[in-house]
Amino acid sequence: MKKLLAIILMGGFMMATTAEAKTLVAYFSATGTTAQVAEKLAKATGADLFEIKPEQPYTEADLNWHDSQSRSSVEMNDTSSRPAIANKVENMAQYDTVFIGSPIWWGREPSIIDTFMESYDFSGKKVIPFVTSGSSGIGDTAKNLKALAPNATVDTGKRFSSSVSEEVLADWAKQF
Ligand SMILES: Cc1cc2nc3c(=O)[nH]c(=O)nc-3n(C[C@H](O)[C@H](O)[C@H](O)COP(=O)(O)O)c2cc1C
């Protein structure tokens, strides 16, 4: 009888801890490429999906990297730039694993991702960056995220093309 009770209690405990282990895929996407990967990753992992929406959306002119005075150029030239975010993750505390997706801008994450990192307490969480880009790798993204969330475990992350399959994403994500 005692043994049975122990098994039941153990089962309940395991269910409770499994239920608590929630995953979030949060992403910023200026032109929809990262959004495609984020949606597939959320599906592949059964995670909640959150789009980081800028208070002031980026126009085509804002994204012109040939113009040193464009909004993105000005923001990316200033590492203290923190563009405002219009929306908030409800109850970030419930997530123990957070995938953070973004395009690569000038070899790293856009400044709005830095705003996102500073908006929540990531202590004790697993943070995994994923990016899309024209051709560059993930660059300084993981290093920068780690600096902004020193008490999180930050993975090196990975660059994906927009055509990556749900299967490939599921296979990559299962290590976390
Ligand atoms: C301001 C800006 C800077 C960029 N810098 C890079 C870069 O350094 N390396 C690269 O390969 N692609 C760069 N790109 C291309 C984007 O990373 C790429 O198009 C990305 O997939 C767009 O994602 P999104 O549609 O989710 O915004 C840049 C794009 C913009 C708008």
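Analyst: A residue counts as near a molecule if its C-beta atom, placed from the backbone, lies within 6 Å of it. This is a predicted model.

User: Which residues make up the ligand shell under that cut-off?

Analyst: The shell holds 20 residues. Ser29, Thr31, Thr33, Thr34 and Pro103 are the closest. Helix α2 (residues 33-45) gives the largest share, three residues.

User: What makes up the shell by class?

Analyst: Eight residues are nonpolar and twelve are polar. None is charged. Gly counts as polar here.

User: Why is Gly32 called exposed?

Analyst: Gly32 has 10, so it counts as exposed. Gly32 sits in the loop between β1 and α2. Its C-alpha atom is 9.3 Å from that of Ser162, although the two are 130 residues apart along the chain.

User: Why is Trp106 called partly exposed?

Analyst: Trp106 has 15 other C-beta atoms within 10 Å, so it falls in between and is partly exposed. Trp106 is in the loop between β3 and α4 (111-118). Its phi is near 50 degrees, a positive value in a residue other than glycine.

User: Where is Asn91, and is Asn91 buried or exposed?

Analyst: Asn91 lies in the loop between α3 (71-77) and β3 (95-103). It has 8 other C-beta atoms within 10 Å. The limit for exposed is 12 or fewer, so Asn91 is exposed. Asn91 also has a positive phi, about 55 degrees, although it is not a glycine.

User: Why is β3 called largely enclosed?

Analyst: Buried means 20 or more other C-beta atoms within 10 Å. Seven of the nine residues of β3 are buried, so the strand is largely enclosed by the rest of the structure.

User: How do you know that β3 pairs with β1 and with β4?

Analyst: Pairing needs at least two bridges. Strand β1 (residues 22-27) and β3 have six bridges, so they pair, in the parallel sense. Val25 stands opposite Phe99 in β3. β3 and strand β4 (residues 126-132) have seven bridges, so they pair too, again in the parallel sense. Here Ser102 stands opposite Val131 in β4.

User: What links β3 to β4, and with which hand?

Analyst: The chain runs from β3 through α4 to β4, a β-α-β crossover that is right-handed. The test is a clockwise path from the first strand over the helix to the second, with the strands pointing away from the viewer.

Definitions and conventions:
Residues are numbered from 1 along each chain as its sequence is written. This is a predicted model: local features need pLDDT of at least 70, side-chain atom pairs count only at pLDDT 80 or more; totals for chains, interfaces and linings use all residues. Helices (H or I, at least four residues) and strands (E, at least two) are DSSP runs, numbered from the N terminus.
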